[in-house]
Amino acid sequence: MEKISKIMPKISRVFLLLLLLNTLLFPSVIKLQKAIVKKDELRLFFSKPFNKKSVKHFTLGNPHREIYDFKNTRLAHSRVPLGLGPHVRLAQNKTNTVRVVITGYRSSKPIAYQPFFSNNSYHISLPKDSSVLPAKRYKKPNGKFKKVTKKSTLIRSNRDKLIVIDAGHGGHDTGAIGGGKREKDLVLQISRRLERQLKKEGYSVHMTRKKDRFLKLPQRTKIADKNHAAVFISIHANSVPKRKRNKIQGVETFFLQKTRDAKSQRIAQRENKAVLKGMNKLSRNVVIDSVLSGPKIVESNKLAIDVQRRIMTNLHTRYKGVRDGGVRHAPFWVLVGASRPSILVEVGYISHPTERKRLFTPRYQELIAKGIAEGVDIYLHNRKKEIDL
């Protein structure tokens, strides 16, 4: 016993020494908990204070990129990089390094700083709208000069792309009802705003319904295929039973795929109810299996990601606490018939009192419509780059 009592203090000292060395050599990792774009800045929020000297900044060319490496940092969760817009990419570059890549700078240079009253955050200025390049000057026949921007060129190039917008439900099919408000009315209002946003960007747009009427499933998707639409977008609103109405809210974007996720199955079952009358289970499985293996699914997934990111980016500029339900997949039958990239956007929960009030506000609807339009625009331009490679 005496020998053990003599050895114990030595073991304790060795243990404390190892603990001290471990702390010095491997300091506790900081977690990047949140990233948002606000007032032309990327704002990063961390789990604890950090030294701004640990941020390494450098540039890369062809194309020009501003790189920021945050040492001894990890992403807190998978949603941190979402909804940051077309100029910002954020990822776990190495085990203990988070990398931020920013593109789009032309004449300006980024300004990065740690706010004076917050050593848990870090701000980086973003480029102004770089889709509009410095104006080129062309001589008109009368000898005067006319300014032409890249933006106007892009708008003209979008004219040959048709976007089909499907406002869900309609007529006798009211969709979900919450607080006396009807889904069919809400989604038509947002669809009309989306139509205006897309036309502003030069796209051709076709609405499956412009008034309160019910369309059968084949009617909704036939338009997209007949006119060789670039994408098909179905707009819906979500709902849950009364016992959950104060708890569940948020925006979700779906693409077609079978799923075992109970929540996605429930949402799909509710939305499919009106359009599947008269079709037996065997027929449903034969049809859905025939489309699930096609390239449309991969492209629909990409489209869903771009749209969801832009919706959340726009909503978070004005409204706090809007939940990002993310990109999900489920067997929505309205997406089966269109043989092109197709998504279904659940713009929010009409059953949730606060979210329902926002959903019927013009400003909120406009931000959703703008987000969807921007997501479509980003997807189609990225798609063109892939094809041109």
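A charge sits over a ring if NZ of Lys or CZ of Arg is within 6 Å of the ring centre and within 35 degrees of the ring normal. In this predicted model, the charged end of lysine 181 meets that description over the ring of phenylalanine 360, 5.0 Å from its centre.

Some ground rules for reading on: because the model is predicted, local features need pLDDT of at least 70 and side-chain atom pairs count only at pLDDT 80 or more, while totals for chains, interfaces and linings use all residues. Residues are numbered from 1 along each chain as its sequence is written, and side-chain values use heavy atoms, with hydrogens and water left out.

- An open sheet of five strands has the order 5-1-2-9-8, with mixed pairing; strands (E, at least two residues) and helices (H or I, at least four) are DSSP runs numbered from the N terminus, and two strands pair if DSSP finds at least two bridges between them.
- Strand 5 (73-75) and strand 8 (112-113) are the edges, each with a single partner strand, so one side of each has no neighbour in the sheet.
- Strand 1 (residues 30-38) runs antiparallel to strand 2 (residues 41-46), with six bridges between them, and leucine 32 stands opposite phenylalanine 46.
- Strand 2 is also joined to strand 9 by five bridges, again antiparallel, and here phenylalanine 45 faces serine 121.
- Two bridges link strand 8 to strand 9 in the antiparallel sense, with tyrosine 113 partnered by histidine 123.

**Strands covered on both sides**

- In a regular strand the side chains alternate between the two faces of the sheet.
- Strand 9 (residues 121-125) has five of its five residues buried, where buried means under 20% relative accessible area, exposed over 50% and partly exposed in between (1.4 Å probe, protein chains only).
- Ser121, His123 and Ser125 point one way from strand 9, while Tyr122 and Ile124 point the other way.
- Strand 12 (residues 162-167) likewise has six of its six residues buried, with Leu162, Val164 and Asp166 on one side and Ile163, Ile165 and Ala167 on the other.
- Strand 12 pairs in the parallel sense with strand 15 (residues 204-207) over four bridges, and with strand 16 (residues 231-238) over five bridges.
- Leucine 162 stands opposite serine 204 in strand 15, and isoleucine 165 has isoleucine 233 as its bridge partner in strand 16.

**Aromatic rings**

- The whole structure holds six aromatic pairs; rings of Phe, Tyr and Trp (its six-membered ring) pair if their centres lie within 6.5 Å, and planes under 30 degrees apart count as stacked, over 60 as edge-to-face and the rest as tilted.
- One of them joins phenylalanine 46 and phenylalanine 70 in a tilted arrangement, 5.6 Å centre to centre with 40 degrees between the planes.
- Phenylalanine 46 lies in strand 2 and phenylalanine 70 in strand 4 (residues 65-71), so this pair ties together parts that are 24 residues apart in sequence.
- Phenylalanine 46 is buried at 4% relative accessibility, and phenylalanine 70 is buried at 3%.
- Phe46, Phe50, Phe70 and Tyr122 form one aromatic cluster.

**Threonine 313**

- Threonine 313 belongs to helix 7 (residues 295-318) and is buried, with a relative accessible area of 9%.
- Its side chain reaches the backbone oxygen of arginine 309 at 2.9 Å.
- Leaving aside residues up to four places away in sequence, threonine 313 touches Gly83, Leu84 and Gly85, a contact being heavy atoms within 4.5 Å.

Notes. Polar contact = N/O pair within 3.5 Å; in protein donor to acceptor, adjacent residues only side chain to side chain.
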